[in-house]
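Here are my notes on this one, point by point. Have the viewer open while you read.

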Amino acid sequence: MKGRRQLGIPKHLQQCCLLIFIFKMILTTQAFDYSDALTKSLLYFESQRSGRLPSDQRVTWRYHSGLTDGLKQGVDLIGGYYDAGDNVKFGLPMAFTMTMLSWSVMEYGEQITAADEYKHALQAIKWGTDYLIKTHTSPNVLWAQVGDGDTDHYCWQRSEDMTTPRRGYKIDERNPGSDLAGETAAAMAAASIVFKKSNPHYSRQVSCRFADLYIM
């Protein structure tokens with residue numbers, strides 16, 4: 001896919017590994033303030049939000065951005081997360097991130113609650129999952145990327161001031177991408193479990209989208 005990195009690990013994946021490490025350390029030691037580290041890790045996701053930001057946004061130096069994403073393609077691709085320090089939205093690392101965040105909440109929910117970050121962890125998952133739902137616009141179509149990696153990486157800009165192209169890329173019958181479809185399905189399945197008790201309606205909505213992706 002155009003703009004995809006050839007080397008290195010996307011920052012979203014690095015951040016997920018860091019979160020898992022923090023959750024495990026909370027269980028084994030109190031020598032350091034890992035609750036504070038958890039808070040700052042979740043703040044990272046808020047700083048990477050794309051779209052119209054909510055009123056309870058804690059990272060107040062960020063503002064609405066990417067409000068025309070998908071417009072030229074006739075679809076709504078507003079929302080989700082930017083990748084690392086870029087303004088591109090890559091579907092595969094974003095879906096992997098939501099999968100790992102969801103499983104982290106399932107595995108370490110008590111510890112996250114004790115750190116008073118459970119609500120923020122759920123918000124981080126839902127922000128990403130809401131976007132993934134949008135990207136599945138029809139039974140055999142999944143939007144995989146917004147923005148051009150080449151031009152974006154040559155231009156350092158705040159997302160609020162973007163001037164680089166916001167073209168959308170998709171997978172369908174003519175442009176397959178089973179890795180993306182599979183990982184997005186995994187993210188949907190994991191999120192549906194996380195929200196099963198706290199938001200059963202949303203859990204069912206995500207679960208239905210997972211079923212569609214599973215057979216894609």
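1. Ground rules. Helices (H or I, at least four residues) and strands (E, at least two) are DSSP runs, numbered from the N terminus. This is a predicted model, with local features needing pLDDT of at least 70 and side-chain atom pairs counting only at pLDDT 80 or more, while totals for chains, interfaces and linings use all residues. Residues are numbered from 1 along each chain as its sequence is written, and side-chain values use heavy atoms, with hydrogens and water left out.

2. Overall layout. The protein has seven helices and three strands, and along the sequence they follow the pattern α-α-β-α-α-β-α-β-α-α. Of the 216 residues, 51% are buried (buried means under 20% relative accessible area, exposed over 50%, partly exposed in between, with a 1.4 Å probe and protein chains only). For contacts with a separation of 6 or more, 69% are between residues 24 or more positions apart; contact here means heavy atoms within 4.5 Å.

3. H64. You'll find H64 in the loop between α2 (34-47) and β1. It counts as buried because its relative accessibility is 18%. Its side chain reaches the backbone nitrogen of L53 at 2.9 Å. That is a polar contact, meaning a pair of N or O atoms within 3.5 Å; within protein, one must be able to donate a hydrogen and the other to accept it, and residues adjacent in sequence count only if both atoms are side-chain atoms. Leaving aside neighbours within four places in sequence, H64 is in contact with G51, R52, L53 and E160.

4. N87 and A84. Both sit in the loop between α2 and β1, N87 as well as A84. N87 is buried, since its relative accessible area is 5%. The N87 side chain reaches the backbone oxygen of Q157 at 3.2 Å. Not counting residues up to four places away in sequence, N87 touches Y82, V146, D152, Q157, R158, S159, M162 and R166. A84 has a positive phi of about 55 degrees although it is not a glycine, and A84 is buried because its relative accessible area is 9%.

5. The other positive phi. D116 is in the loop between α3 and α4, and its phi is near 60 degrees, again a positive value in a residue other than glycine. How accessible is D116, buried or exposed? D116 counts as exposed because its relative accessibility is 64%.

6. Second largest pocket. The volume is about 190 Å³. Of the 16 lining residues, G85, D86, N87, Q157 and S159 lie nearest the centre. The lining divides into five nonpolar, seven polar and four charged residues (Ala, Val, Leu, Ile, Met, Phe, Trp, Tyr, Cys and Pro count as nonpolar, Asp, Glu, Lys and Arg as charged, and the others, Gly among them, as polar). On a 1 Å grid over the protein atoms alone, a pocket is an open set of points with protein on both sides within 12 Å along at least five of seven lines, a cavity is a set where a 1.4 Å probe fits but cannot get out, and lining residues have an atom within 4 Å of a point. Grid points are joined across faces, edges and corners, and a volume is the space filled by probe spheres set on the points.

7. Cavities. Which residues lie nearest the centre of the largest cavity? They are G91, Y131, L132, T135 and W143, out of 13 in the lining. β1 (89-90), α3 (91-114), α4 (118-135), β2 (142-146) and α6 (178-194) each supply at least two lining residues, with the largest share, four residues, coming from β2. The lining comprises eight nonpolar, four polar and one charged.

8. α4 has 18 residues and reaches 26 Å from first C-alpha to last, close to the 26 Å expected at 1.5 Å a residue; the expected span is 1.5 Å times one less than the number of residues. Among the buried residues of α4 are Y131, L132 and T135. α6 has 17 residues and reaches 24 Å, close to the 24 Å expected, and its buried residues include L180, E183, T184 and A187.

9. F96. F96 is in helix α3 and counts as partly exposed because its relative accessibility is 24%. F96 and A186 are 90 residues apart in sequence and 8.0 Å apart in space, C-alpha to C-alpha.
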